[in-house]
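Visitor: I should like to go through this structure with you. Could you show it first?

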Amino acid sequence: MTEQLDRRADTTRLQILRAASRQFARKSYSVVSLDDILADAEVTKGAMYFHFRSKHALASAIIDYRAAVARASVDQLLARKLSGLETLIDISYLVAVEDIGDETARAGLNLLESIGRTDGLQGDFLGQWVTAFAAIARKAVKDGDLVAHRDSEGIARLLVSMYLGLRQTSNLAEPERFLRDLENMWVLVLPGFVKPDRIDYLNEFIKRRTAVALKKAAPL
Amino acid sequence: MVRQARSETTRRKIITSAVELFNEIGYPATGLGDIIERAEMTKGALYYHFDSKESLATAIIEGGSVHLAEAFRSITASSAPALECIIHGVFVVADLMSTDQIARSGMQLLRAFGEFNEAAARTYGGWVAEMTERTRQAIDEGDLRGDLDAQAVAETIVGSMLGAELLANAATAGADVMQRVARTWRVLLPAIVSKESLAYFDEFLARESMRHSPAPVAD
């Protein structure tokens, strides 16, 4: 009996998270009101406060939820056993396509930028992202794609910074522009750590990813 | 519910024991009595699940085929271009052949039964159908030549992969299957890949083979 109640509570929680994401994906944190979320989620105020004591708690929960989803996606990509560098490229395109079209993804990254800094949330989430990328970069060294003695953690931090910066300097509401900007960044950055004889191939690999992503990306 | 779970465990144990014996002493030499002994089961328990050695073989063929199909599909479900998925998927499946006992046994039984077992016809047919969907996509995407027939290409790929596996088993008990798969693709690529994409796929194949080769990368 309690199992049924727990399951119902889980569904309500997720319902609230999704409704909140719909708001946070499109409006800045300060402007979003809990009443808007309540109306969208079709839950009672009591149900809302049972799960989330404040707007901030709700925002943190979205970030945590996205972190878990992201970890699962990365594991799935790693399981495909492509080379390290190809995996890093695939991850960045996956993140981009979701950022463009998935409300929880967009909300999660928006929130990370707006409230993440104050509680160290940003540090945790981004720290994990960098660590995961660094491990894959070390694999890329073993694959023979990277120039020797390049700092894996530095490369990882560069790639994460690259993506987060692109969210500011490009426009997620224009998928084609965003994906081409992502492609350009990769092409510019590769010569910094990739062996020269691999670059032509990887440039082509990146262009093909853009082509595939363009087909999949549907804006919010 | 519990009875179902126990029954499933028994079935799996029978299959595992049968696979071990078929690998150790071969299908013809293995009797149902041997399987019963290996599985530490009663005659009744075995006959509840399988009424003959052949139905057991069919189950192994189908089980093995499902493992391979799932592995292939997990690669081709990705959002990468179709021909990349085909090549990468084939390598992943070839790799699975050396680690997954049921898949391995299933393949051997397939070859043994080929002409006499419906499961074989269904299995090969299924693989060709799946591959044809991918080759059609690859033609649409411009990586395979536009004048090719998708099914003919699919049959060529499936046929030559099965052939590579057959020759590897005969020559080196399966040890060099990856190299043979890579060599087969080197021959195939210029025949089927579009002019614009050929250089890229030569490199793609080289990288794939390198990842599966035993020698570590120096530098």
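Guide: Before we discuss the chain contact, one term is needed: two residues are in contact if their C-beta atoms, placed from the backbone, lie within 7 Å. Please also bear in mind that this is a predicted model.

Visitor: How many residues does the contact take from chain A and from chain B?

Guide: The contact draws 12 residues from chain A and 12 residues from chain B. On the side of chain A that touches chain B, the elements giving two or more residues are helix 8 (121-143) and helix 11 (196-216) of chain A.

Visitor: Which of them gives the most to that side?

Guide: Helix 11 of chain A does, with five residues. By class, the side of chain A that touches chain B comprises seven charged, three nonpolar and two polar residues.

Visitor: What is Ile60(B) in contact with, leaving aside its neighbours within four places in sequence?

Guide: Ile60(B) is then in contact with Ile15(B), Ala18(B), Val19(B), Ile102(B), Ser105(B), Gly106(B) and Leu109(B).

Visitor: And helix 6 of chain A: how many of its residues are buried?

Guide: Nine of its 12 residues are buried, so helix 6 of chain A is mostly covered. Among the buried residues are Arg106(A), Asn110(A) and Leu112(A).

Visitor: What about helix 7 of chain B: which residues are buried there?

Guide: They include Trp127(B), Met131(B) and Arg134(B). The cover over the buried residues of helix 7 of chain B includes helix 4 (53-76), helix 5 (82-99), helix 6 (101-113) and helix 8 (150-172) of chain B.

Visitor: What span should that helix have?

Guide: With 23 residues (118-140) at 1.5 Å a residue, helix 7 of chain B should span 33 Å, and its end C-alpha atoms are 33 Å apart, which agrees. Gly142(B), with a positive phi near 90°, follows helix 7 of chain B.

Definitions and conventions:
Residues are numbered from 1 along each chain as its sequence is written. Chains are lettered from A and ligands numbered from 1 in the order in which they are written. This is a predicted model: local features need pLDDT of at least 70, side-chain atom pairs count only at pLDDT 80 or more; totals for chains, interfaces and linings use all residues. Helices (H or I, at least four residues) and strands (E, at least two) are DSSP runs, numbered from the N terminus. The expected span of a helix is 1.5 Å times one less than its number of residues. A residue is buried if 20 or more other C-beta atoms lie within 10 Å of its own, exposed if 12 or fewer, and partly exposed in between; C-beta atoms are placed from the backbone. Ala, Val, Leu, Ile, Met, Phe, Trp, Tyr, Cys and Pro count as nonpolar, Asp, Glu, Lys and Arg as charged, and the others, Gly among them, as polar.
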